[in-house]
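The entries follow in the order I looked things up.

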Protein chains: 2
Amino acid sequence: MIPGPLAGPAAERIGLKHGAGGRAMRRLVEELFLPLGEPGPVDGVGLAAMDDGAALRVGDQWLIVTTDSHVVQPPFFPGGDIGRLSISGTVNDLAMMGCTEPLGLTCAVIVEEGFPRADLARIRDSMAAACAEAGVTVVTGDTKVMGKGELDGIALNTAGFGLTRRVVRDDGLRPGDRILVTGTVGDHGLAVLTRRRDLRIEGALSSDVAPLNGLVRAALAAGGDAVVAMKDPTRGGLASVLHEFAEKAKVGVLLDGPSVPVNAETAAAAEILGIDPLVVANEGKAVIGVRPEAVDRVLAALRGHPLGRRAAVVGTAIAERPGDVILDTGLGRRLLAEVEGEPLPRIC
Amino acid sequence: MIPGPLAGPAAERIGLKHGAGGRAMRRLVEELFLPLGEPGPVDGVGLAAMDDGAALRVGDQWLIVTTDSHVVQPPFFPGGDIGRLSISGTVNDLAMMGCTEPLGLTCAVIVEEGFPRADLARIRDSMAAACAEAGVTVVTGDTKVMGKGELDGIALNTAGFGLTRRVVRDDGLRPGDRILVTGTVGDHGLAVLTRRRDLRIEGALSSDVAPLNGLVRAALAAGGDAVVAMKDPTRGGLASVLHEFAEKAKVGVLLDGPSVPVNAETAAAAEILGIDPLVVANEGKAVIGVRPEAVDRVLAALRGHPLGRRAAVVGTAIAERPGDVILDTGLGRRLLAEVEGEPLPRIC
């Protein structure tokens, strides 16, 4: 049941790519951690599904559970901070499974000796504000302190749980379905990176970090069962989500490049840094697969919400090339390769 | 609602004591994190209760939720490792609230770049073994990598959740109730510390880390509603738990020192290091408050379980001196002061 340690020099030590949300991380999780999920839930979604979270039957509902640790560097960045990130990330993972009204969150803080209390208070205030936006409460927590030099600042874990009558998976696409993104891509990763490198970009480049449960609730109210796949494009960005959608549903995905919304400041920063916004982390966006007959009303619902004004239809599931993502650049078509991992370490 | 940052030089930075499970940590949590718990659950146990976890109404049952991050140093120690610790710690927190059959656990790993994959595999195997012992499964997870030098090795977060018909709190004592401990105290903390300092102690000094849900199930089956308080004596040890019991229930606690079981090796190490085993972390013990009429059958049930062979009645709740813990040493009585924090950093 449990595979032994991997042999071979290349496999002997953990690298940054193993936390970067791409192929390398997926392989590590599959090889190292899937055995912990055996036996999986008899009735539900467990670790093996590699979804945003787990789903377990409780009476006539599903209990959705998710967890995320956050180690973003720097902890304060344009548009947000590690506190807002951790609340939003967990609320969003629950929402992506169909749970838009969480029962509660847990919060475990690991902090370095010498960390300023004022910064901790600022992070708490930001968490409290994000909780209020999402209509959620922290119900239990844990605090650990590591010695000076043993941790670079702060690491926050947030787990979340809640009930839903319908679970939305990430494997539900079939040919003809349309794929929507709820707004501009690449903002979070590029905002953090420009702050880290102290780059000067014209205009206000800002993270999109936000709790999306209200936006997702609007989409589900409009689309109902015609919403067949959801995922938030965090590490690895939109490209990674489309690859997961394609692989899990065994469809091809045709991405219409020119219709993917990108902020001008984000595009400028991406150009300077030579990074494709399609592979950069977002923290306030969802990618939603919808049956064709419901596209218009889901799009209208998204655009009617403050966090979805720039929502757009960006792709289509096709029968050809199952598992692949094909990018139509407007000038021609090419395969969009899956990245080995997010190009930016400690982005979330 | 949200207090501002604390002023004053002594309060400006986080110290090791703020993660050490004693008074300093409780004050930090109260001042900094309780606002995240507002508004608390309308019907249930939230952050403000400072219990082992939270309890929320779901239909005619209670959903118990708990979280713990583990940063023990070294990650491998006599009798266990960080993997066994994280599974056991979370299973035990659930058990202390009355939930002995968890629905599942979440597991979030933060690992330092360069961490040996073989060590990660060893930790996973240990987690899998502890899961099997407890009859529990990891249902979802998360992986982050920090750069070389940004984290000292590995940090593991485990959250747990499950249902129970009856919640056992830690504030249920009344005068006349008896207090049991399920075995020897101080083993975990002193095993880790002697390994860290490379002390040579005669005999096998070993951590007690173990999942206790089976043992607690036996105690609850024997004692039923007469089991009125439970807590696992981790950071801050037995002394800390007794202080919490006394304060929350507004009773005095009379501790009969000579009846507290201590392993000879642990006592020897404690003596050499000048540390009182009463304030040292355990990871496979429970402290249980029981109505007097049920003491004998709960004690018999504990002793009939492999993890409870050395269970003992160690104290009594009294009407006098509410909030205080009085130690009867066998030679006389004195107040047992609450420690500011566990004397050993990164013990769990």
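Which side chain meets that of Arg117(A) in a salt bridge? I found Glu31(B), at 2.9 Å from N to O. I note that the model is predicted.

Entry, the interface. I counted 8 salt bridges between chain A and chain B. I also found 32 residue pairs in polar contact across this interface. On the side of chain A that touches chain B, the elements giving two or more residues include α1 (23-33), α3 (117-134) and β7 (138-146) of chain A. Of these elements, β7(A) gives the most, with 9 residues. By class, I recorded 45 nonpolar, 19 polar and 17 charged residues on that side.

Entry, the area. I read about 7000 Å² buried between chain A and chain B, with 68% of it on carbon and sulfur atoms. In chain A, the residues that lose the most area to chain B are Leu36(A), Arg117(A) and Arg124(A), together 13% of what that side buries. The contact takes 81 residues from chain A and 81 residues from chain B.

Entry, the symmetry. I superposed chain A on chain B with a rotation of 180 degrees and 0.0 Å of shift along the axis, at RMSD 0.0 Å. That is the relation of a two-fold axis. In chain A, the C-alpha of Leu151(A) is nearest the axis, 2.2 Å from it. I also checked the surface used: 100% of the interface residues of chain A are interface residues in chain B too, so the copies meet through the same surface.

Entry, salt bridges within the chains.

- I found Asp142(A) in a salt bridge with Lys144(A), the closest N and O atoms being 2.9 Å apart. Asp142(A) is buried at 7% relative accessible area, and Lys144(A) is buried at 2%.
- I found the side chains of Lys248(A) and Glu244(A) in a salt bridge at 3.1 Å, N to O. Both lie in helix α6 (residues 237-249) of chain A, 4 residues apart, about one turn of the helix. Lys248(A) is partly exposed at 26%, whereas Glu244(A) is buried at 15%.
- I found Asp208(B) in a salt bridge with Lys285(B), with the closest N and O atoms 3.0 Å apart. The pair links distant parts of the chain, 77 residues apart. Asp208(B) is buried at 12%, and Lys285(B) is buried at 6%.

Last entry. I traced a network of salt bridges that links Asp52(A), Asp170(A), Lys231(A), Glu244(A) and Lys248(A).

Notes. Residues are numbered from 1 along each chain as its sequence is written. Chains are lettered from A and ligands numbered from 1 in the order in which they are written. This is a predicted model: local features need pLDDT of at least 70, side-chain atom pairs count only at pLDDT 80 or more; totals for chains, interfaces and linings use all residues. Side-chain values use heavy atoms; hydrogens and water are left out. Contact means heavy atoms within 4.5 Å. Buried area is the accessible area (1.4 Å probe) that two parts lose on being put together, summed over both. A salt bridge is a side-chain nitrogen of Lys or Arg within 4 Å of a carboxyl oxygen of Asp or Glu. A polar contact is a pair of N or O atoms within 3.5 Å; within protein, one must be able to donate a hydrogen and the other to accept it, and residues adjacent in sequence count only if both atoms are side-chain atoms. Ala, Val, Leu, Ile, Met, Phe, Trp, Tyr, Cys and Pro count as nonpolar, Asp, Glu, Lys and Arg as charged, and the others, Gly among them, as polar. Copies are superposed by least squares on the C-alpha atoms of residues with pLDDT of at least 70 in both. Buried means under 20% relative accessible area, exposed over 50%, partly exposed in between (1.4 Å probe, protein chains only).
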